Amino acid sequence: SSRVLWTLAVTQLTRQTLNNEPRQGKVREVFNNYDADRSGQIDKQELASLLKDLGIDFTGSELEEGLAALDKDASGTIDFEEFYAWLSSP
(Lines give C-alpha, C1' and ligand atoms only; values in the text may rest on other atoms or scores of the structure.)
Protein backbone atom coordinates (compact mmCIF):
# COMPACT_ATOMS: atom_id res chain seq x y z
CA SER A 1 0.00 0.00 0.00
CA SER A 2 1.10 3.58 -0.40
CA ARG A 3 1.19 4.05 3.40
CA VAL A 4 3.82 1.32 3.60
CA LEU A 5 5.80 2.94 0.78
CA TRP A 6 5.70 6.34 2.51
CA THR A 7 6.91 4.76 5.75
CA LEU A 8 9.72 3.09 3.81
CA ALA A 9 10.65 6.43 2.22
CA VAL A 10 10.89 8.17 5.61
CA THR A 11 12.95 5.32 7.04
CA GLN A 12 15.38 5.29 4.11
CA LEU A 13 15.75 9.05 3.99
CA THR A 14 16.33 9.23 7.72
CA ARG A 15 18.93 6.46 7.67
CA GLN A 16 20.76 7.78 4.63
CA THR A 17 20.95 11.43 5.56
CA LEU A 18 20.63 12.11 9.25
CA ASN A 19 23.11 9.81 10.99
CA ASN A 20 24.44 11.61 14.08
CA GLU A 21 24.64 15.13 12.68
CA PRO A 22 22.53 17.90 14.18
CA ARG A 23 19.08 16.93 12.99
CA GLN A 24 17.47 20.20 11.89
CA GLY A 25 20.55 21.41 10.02
CA LYS A 26 20.87 18.13 8.15
CA VAL A 27 17.18 18.07 7.30
CA ARG A 28 17.51 21.64 5.99
CA GLU A 29 20.44 20.54 3.81
CA VAL A 30 18.39 17.69 2.32
CA PHE A 31 15.40 20.00 1.83
CA ASN A 32 17.55 22.57 0.03
CA ASN A 33 19.11 19.88 -2.19
CA TYR A 34 15.68 18.92 -3.51
CA ASP A 35 14.23 22.44 -3.67
CA ALA A 36 15.61 22.73 -7.19
CA ASP A 37 14.01 26.07 -8.01
CA ARG A 38 14.97 27.57 -4.61
CA SER A 39 11.36 28.55 -3.95
CA GLY A 40 11.48 27.47 -0.31
CA GLN A 41 8.95 24.78 -1.19
CA ILE A 42 9.18 21.24 -2.52
CA ASP A 43 6.67 20.67 -5.29
CA LYS A 44 5.40 17.37 -6.68
CA GLN A 45 8.20 17.06 -9.24
CA GLU A 46 10.89 17.77 -6.63
CA LEU A 47 9.31 15.27 -4.24
CA ALA A 48 9.28 12.66 -7.01
CA SER A 49 13.00 13.31 -7.56
CA LEU A 50 13.75 12.82 -3.87
CA LEU A 51 11.82 9.55 -3.75
CA LYS A 52 13.43 8.31 -6.96
CA ASP A 53 16.87 8.98 -5.47
CA LEU A 54 15.80 6.77 -2.56
CA GLY A 55 15.02 4.02 -5.05
CA ILE A 56 11.27 4.28 -4.59
CA ASP A 57 9.07 4.85 -7.62
CA PHE A 58 5.55 5.97 -6.83
CA THR A 59 2.65 5.95 -9.23
CA GLY A 60 1.12 9.32 -9.98
CA SER A 61 -1.78 8.68 -7.62
CA GLU A 62 0.53 7.51 -4.81
CA LEU A 63 2.62 10.64 -5.24
CA GLU A 64 -0.51 12.83 -5.14
CA GLU A 65 -1.71 11.01 -2.02
CA GLY A 66 1.63 11.44 -0.28
CA LEU A 67 1.94 15.09 -1.22
CA ALA A 68 -1.55 15.76 0.12
CA ALA A 69 -0.68 13.99 3.39
CA LEU A 70 2.52 16.01 3.85
CA ASP A 71 1.08 19.34 2.72
CA LYS A 72 -0.67 20.32 5.95
CA ASP A 73 -1.57 23.84 4.79
CA ALA A 74 -2.97 22.61 1.43
CA SER A 75 -0.68 24.95 -0.54
CA GLY A 76 0.17 22.28 -3.12
CA THR A 77 3.80 22.20 -1.98
CA ILE A 78 5.80 21.10 1.06
CA ASP A 79 7.52 23.82 3.06
CA PHE A 80 10.44 23.16 5.38
CA GLU A 81 8.29 22.84 8.50
CA GLU A 82 6.11 20.22 6.81
CA PHE A 83 9.20 18.38 5.52
CA TYR A 84 10.81 18.41 8.96
CA ALA A 85 7.59 17.16 10.58
CA TRP A 86 7.48 14.31 8.04
CA LEU A 87 10.99 13.17 8.92
CA SER A 88 10.36 13.58 12.63
CA SER A 89 7.16 11.52 12.59
CA PRO A 90 7.22 8.10 14.24
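In what order do the elements of the protein chain run from the N terminus on? They run α-α-β-α-α-β-α. In total, the secondary structure comes to five helices and two strands. Both kinds of element are DSSP runs, numbered from the N terminus: helices are H or I with at least four residues, strands are E with at least two.

The model is predicted, so local features need pLDDT of at least 70 and side-chain atom pairs count only at pLDDT 80 or more, while totals for chains, interfaces and linings use all residues. Residues are numbered from 1 along each chain as its sequence is written, and side-chain values use heavy atoms, with hydrogens and water left out.

Start with the whole chain. Of its 90 residues, 39% count as buried. Buried means under 20% relative accessible area, exposed means over 50%, and partly exposed lies in between, for a 1.4 Å probe and protein chains only. Contact means heavy atoms within 4.5 Å. Among contacts with a separation of 6 or more, 60% join residues 24 or more positions apart.

Next comes the core. A nonpolar core is a set of buried Ala, Val, Leu, Ile, Met, Phe, Trp, Tyr and Cys residues joined through side-chain atoms within 4.5 Å. The largest one has 21 residues. L13, L47, L50, L51, F83 and W86 touch the most other members. Two or more residues of this core come from each of α1 (2–17), α2 (23–34), α3 (44–53), α4 and α5 (80–88).

Now look at how helices pack. Axes are lines fitted to C-alpha atoms, for helices over the stretch in contact, and angles run from 0 to 180 degrees between N-to-C directions. α2 and α5 pack at about 120°, with their axes 10 Å apart. That makes α2 oblique to α5. Angles under 35 degrees count as roughly parallel, over 145 as roughly antiparallel, 65 to 115 as roughly perpendicular, and the rest as oblique. On the α2 side, R23, Q24, V27, R28, V30 and F31 take part. They meet F80, F83, Y84, L87 and S88 in α5.

α3 and α4 form another pair. Their axes come within 11 Å and cross at roughly 105°. The two helices are therefore roughly perpendicular to each other. K44, L47, A48 and L51 of α3 make the contact with L63, E64, L67 and L70 of α4.

L70 and F83 are 13 residues apart along the chain, and their C-alpha atoms are separated by 7.3 Å.

Turn to the loops. T77 is in the loop between α4 (60–70) and β2 (78–79). T77 is buried, at 18% relative accessible area. Its side chain makes a polar contact with the side chain of Q41 at 2.7 Å. A polar contact is a pair of N or O atoms within 3.5 Å; within protein, one must be able to donate a hydrogen and the other to accept it, and residues adjacent in sequence count only if both atoms are side-chain atoms. Leaving aside neighbours within four places in sequence, T77 is in contact with Q41, I42, D43, D71 and E82.

A74 is also placed in the loop between α4 and β2. A74 is exposed, at 66% relative accessibility. Most residues other than glycine have a negative phi. A74, not a glycine, has a positive phi of about 55°. R38 has a positive phi of about 55° too, and is not a glycine. R38 lies in the loop between α2 and β1 (41–42), and counts as exposed at 57% relative accessibility.
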